[in-house]
Amino acid sequence: MTEHSVRVSRILPTAVKKEAAVNSSVVSRRSILRLSLALSGLMTLTGLLRFLGYQPTPTAPVRFTLDLLGDYPAGSVTPLPQAKAWLMRDEAGLYAVSAVCTHLGCTVNHKDAAFECPCHDSRYDLAGNVLRGPARQPLNHLELSLSPEGQVVLDTSVVVPSSQRLTSSP
Ligand code: FES
């Protein structure tokens, strides 16, 4: 073996290694590119499937079938947390008042024969009239009706005059 051939054999493996390293680097870049394209395609497909399968969140119920009218005695104050309302019966009949404070929408609590808002301390009487601000508007009165079976039905989407009462006679 000549000196020249020894040099070539020493140099050649290094050159091959460098080329292999370059090729492996190119392959690696291609792999990364393919992988990122596949991932972005997968994400697009997932988004599309989510869009196609999108179902709007159900709206909160506004009608509530309650107990029989006779189950609410005169003077009773019944919380209806699922409806955000209070059901009361005075000598004139049954009525429902919204538990949503007219100031900024907090839920009022029944306390000492009145309704009090825990957020900014507004106070309402049992008819929903403002006793103390910052609320300026009375609590809304909500529609009550009787089902054919005689059950009280509350519709929280309908505001009625504060004088309206539900009685057993039409
Ligand atoms: S939200 Fe009720 S007093 Fe402010």
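Me: How many bridges pair β9 with β10?

Reply: This is a predicted model, in which local features need pLDDT of at least 70, side-chain atom pairs count only at pLDDT 80 or more, and totals for chains, interfaces and linings use all residues. Residues are numbered from 1 along each chain as its sequence is written. A strand is a DSSP run of E with at least two residues, numbered from the N terminus, and two strands pair if DSSP finds at least two bridges between them. β9 and β10 meet this condition in the antiparallel sense, and the number of bridges is 6.

Me: In β10, which residue is the bridge partner of H141?

Reply: β9 covers residues 141-146 and β10 covers 151-160. H141 has its bridge partner in β10, and that partner is V160.

Me: Which residue takes a positive phi in the hairpin of β9 and β10?

Reply: This hairpin has 4 residues between the strands. The positive phi is near 90 degrees, and the residue that takes it is G150.

Me: Which residue in β9 is the bridge partner of A96?

Reply: β4 and β9 pair in the antiparallel sense over 2 bridges. The partner of A96 in β9 is L142.

Me: How many residues does the largest nonpolar core have?

Reply: In soluble globular proteins, nonpolar side chains tend to be buried together. A nonpolar core is a set of buried Ala, Val, Leu, Ile, Met, Phe, Trp, Tyr and Cys residues joined through C-beta atoms within 7 Å. Here β3, β4, β9 and β10 each supply at least two residues of the core. A85, W86, Y95, A96, V97, L144 and L154 have the most contacts inside this core, whose residues number 22.

Me: Is G93 buried, partly exposed or exposed?

Reply: G93 is found in strand β4. A residue is buried if 20 or more other C-beta atoms, placed from the backbone, lie within 10 Å of its own, exposed if 12 or fewer do, and partly exposed in between. Because G93 has 17 C-beta neighbours inside 10 Å, it counts as partly exposed.

Me: Which residues does G93 touch, not counting those up to four places away in sequence?

Reply: Two residues are in contact if their C-beta atoms, placed from the backbone, lie within 7 Å. With residues up to four places away in sequence left out, G93 touches R165, L166 and T167.

Me: Which are the edge strands of the open sheet?

Reply: The sheet has 4 strands in the order β5-β6-β7-β8, with antiparallel pairing. Each edge strand pairs on one side only, and the edge strands are β5 (109-111) and β8 (130-132).
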